[in-house]
Amino acid sequence: MIIGVDVGAYVTKGVIMKGRSIIKSISTPTEDPIESTSRTIKILLENTGAKDAVSIVAVTGGGSRRLGEKIGDISVVKVDELQAIGIGGLTLAEKLEGLIVNVGTGTAMVAAYNEGRRVTHVGGTGVGGGTLLGLSERMLGIRRFEELEAAAGKGRAERVDLTVRDIVGGPIGIVPAEATASNFGRLCAEATVEDVAAGLFNMVCQVIGVLGAMAAKAYRLEDGVIVTGGLPRSRLAAGIIEETMSLFGINPVIPKDCEYCTAVGAARSLRILSSNRMDV
Ligand SMILES: Nc1ncnc2c1ncn2[C@@H]1O[C@H](COP(=O)(O)OP(=O)(O)OP(=O)(O)O)[C@@H](O)[C@H]1O
Ligand SMILES: [Mg+2]
């Protein structure tokens, strides 16, 4: 069994893996990276009977750079985050190659081949889950994700967004009439907090959907788009990303446990990268 820990910008995620399966998982806020990693490992090992079976922990994510070579008796192996995203995305989606669009605080995209043994950093955008929360707090005074999502679920984005129909009267090119022409482009004095929340979800998730679709086309990975990270756990966010990508003929996979992608990839990388076989 192997532990993988992803020390993200705001959230530390940890998993115990047995082969391709997650035995146990946990998320805690990233405060001090060393403290958050130690706590994550401790909680993962509690009541699992795995204490003696685990001698190594694979760590990744921005905060992992500050960790030393050992945590207690357990050896620490640092895994490149892009490598972890690639291997984790393919593991969760059960694919051999694909484009992983990892939507955390920011958004990173990785093209991964041969079960993640080869990865290419495609790029990304600073627009991600952090953007949604940051704008929400500034514009609406709402800090909690769940509260923002509930508000957005009741709102009408069409009161803040301009559609293609609003501007040209119907569909244009490959774009249907109801697609967004301009996020927040409609100046409507009656827009409520709920409408603005819905507009924020639209803006962030549509940017990610369009960017992911373009990257998939550029890398010819249209049939292997995998969306992971904390944000697509939200049904609302996942739905908008899927719908946006579908405008470009792409049907992404959003795997169960998508928020643990990077942690899973860190753990799996120890096995995958030490083997050239296709059947590990
Ligand atoms: N309950 C929730 N459901 C869905 N999404 C959530 C929830 N709570 C927070 N989020 C979103 O998930 C984002 C964090 O995702 P994630 O944990 O993947 O980021 P991270 O790993 O800390 O960041 P990065 O990978 O950019 O360093 C938050 O910015 C927020 O928008
Ligand atoms: Mg992350």
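Author: Helices are DSSP runs of H or I with at least four residues, strands are runs of E with at least two, and both are numbered from the N terminus. This is a predicted model, where local features need pLDDT of at least 70 and side-chain atom pairs count only at pLDDT 80 or more, while totals for chains, interfaces and linings use all residues. Residues are numbered from 1 along each chain as its sequence is written, chains are lettered from A and ligands numbered from 1 in written order, and side-chain values use heavy atoms, without hydrogens or water.

Reader: Where does Ile 241 sit?

Author: In helix H7.

Reader: Buried or exposed?

Author: Ile 241 has a relative accessible area of 0%, so it counts as buried. The cut-offs are under 20% for buried, over 50% for exposed and partly exposed in between, with a 1.4 Å probe and protein chains only.

Reader: What is Ile 241 in contact with, sequence neighbours aside?

Author: Beyond four places in sequence, Ile 241 touches Cys 205, Ile 208, Gly 209 and Val 227. Contact means heavy atoms within 4.5 Å. Cys 205 is 36 residues away in sequence, yet the two C-alpha atoms are 5.3 Å apart.

Reader: New topic. How do the axes of H2 and H8 cross?

Author: At roughly 95 degrees, and they come within 6 Å. H2 spans residues 81–93 and H8 spans 261–272. That angle makes H2 roughly perpendicular to H8. Axes are lines fitted to C-alpha atoms, for helices over the stretch in contact, with angles from 0 to 180 degrees between N-to-C directions. Under 35 degrees is roughly parallel, over 145 roughly antiparallel, 65 to 115 roughly perpendicular, and the rest oblique.

Reader: Which residues make the contact?

Author: From H2, they include Ala 84, Ile 85, Gly 88 and Leu 92. From H8, they include Val 264, Ala 266, Arg 268 and Ile 272.

Reader: And by class, what does the contact of H2 with H8 have?

Author: Eight nonpolar, six polar and two charged residues. Nonpolar covers Ala, Val, Leu, Ile, Met, Phe, Trp, Tyr, Cys and Pro; charged covers Asp, Glu, Lys and Arg; the others, Gly among them, are polar.

Reader: What follows H2?

Author: A loop between H2 and strand E7 (98–103), which holds Glu 94. Glu 94 is exposed at 69% relative accessible area. Its phi is near 55 degrees, positive although Glu 94 is not glycine.

Reader: Where is Asn 114, and what is its phi?

Author: Asn 114 is in the loop between strands E8 (107–113) and E9 (118–125). Its phi is near 50 degrees, again a positive value in a non-glycine residue. Asn 114 is partly exposed, at 31%.

Reader: Zoom out. How many helices and strands are in the chain?

Author: Eight helices and 12 strands. Buried residues make up 48% of the 280.
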